[in-house]
Amino acid sequence: MADGSTPPSSEPGGPVPAVRPFLVTAGRVAPDPSGRTMPVETQVVATAEGLAVLDRLAFEQHDIVAACRLPQSIAEIAARLRLHLNVVRILAEDLRTAGQLTVHVPDTDVTHDASVLRRLIDGLRAIPDSRGVLRDTD
C-alpha cells in the first residue's frame, strides 16, 4: 500500500501459518505408532471436556477444538484452518487421546461402495447451474 503497510488479507482463513508442520507435531508424521492415518472424511466433534479446557490448549489444538463445536471432517478442518492435512490428523488423534475430541471413522465398506458414489454423482448432476440448466448425464 502507499503508506508501506501490507494490504488486508482477502482470504477467508487469514494468512497462512509460517510455522513448519514438523514443529507443530513435534516431528511426528503419523497419528499413532501403528502408522495408520485417519481418512479425510473422518468426522470429529469437540467434547464437553475439550470445550471446558479450550482456553488452556495450545494454538492449533485450540483452533481445532473450537472449530469442532459442530461435527467437521478432517479435510474441512485442514481447509478452514489452513493447516496441512497430516498435521490435523496428528493433532486430532492427540486431542482424542486426551478426551477433548470424539472421532467417528466412517465404515470402510460403505465408503468403498460404488453405488454410494453413483448416487452422489447423480445427486450432483440434479443440481442446476447458475442459469438453471441441469448438467449433462453420461
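In the predicted model, helix 3 (residues 59-67) and helix 5 (residues 85-97) have axes that come within 10 Å and cross at roughly 80°. Angles of 65 to 115 degrees count as roughly perpendicular, and helix 3 and helix 5 are therefore roughly perpendicular to each other. On the helix 3 side, the contact is formed by Glu 60, Gln 61, Ile 64 and Val 65, which meet Val 88, Leu 91, Asp 94 and Leu 95 of helix 5. Classified by residue type, this contact of helix 3 with helix 5 comprises five nonpolar residues, one polar residue and two charged residues.

Side chains of opposite charge can pair when their charged atoms come close. One salt bridge is present in the structure. It joins the side chains of Glu 93 and Arg 96, with an N to O distance of 2.4 Å. Glu 93 and Arg 96 both belong to helix 5, and because they lie three residues apart there, about one helical turn separates them.

Methods: Residues are numbered from 1 along each chain as its sequence is written. This is a predicted model: local features need pLDDT of at least 70, side-chain atom pairs count only at pLDDT 80 or more; totals for chains, interfaces and linings use all residues. Side-chain values use heavy atoms; hydrogens and water are left out. Axes are lines fitted to C-alpha atoms, for helices over the stretch in contact, and angles run from 0 to 180 degrees between N-to-C directions. Helices (H or I, at least four residues) and strands (E, at least two) are DSSP runs, numbered from the N terminus. Angles under 35 degrees count as roughly parallel, over 145 as roughly antiparallel, 65 to 115 as roughly perpendicular and the rest as oblique. Contact means heavy atoms within 4.5 Å. Ala, Val, Leu, Ile, Met, Phe, Trp, Tyr, Cys and Pro count as nonpolar, Asp, Glu, Lys and Arg as charged, and the others, Gly among them, as polar. A salt bridge is a side-chain nitrogen of Lys or Arg within 4 Å of a carboxyl oxygen of Asp or Glu.
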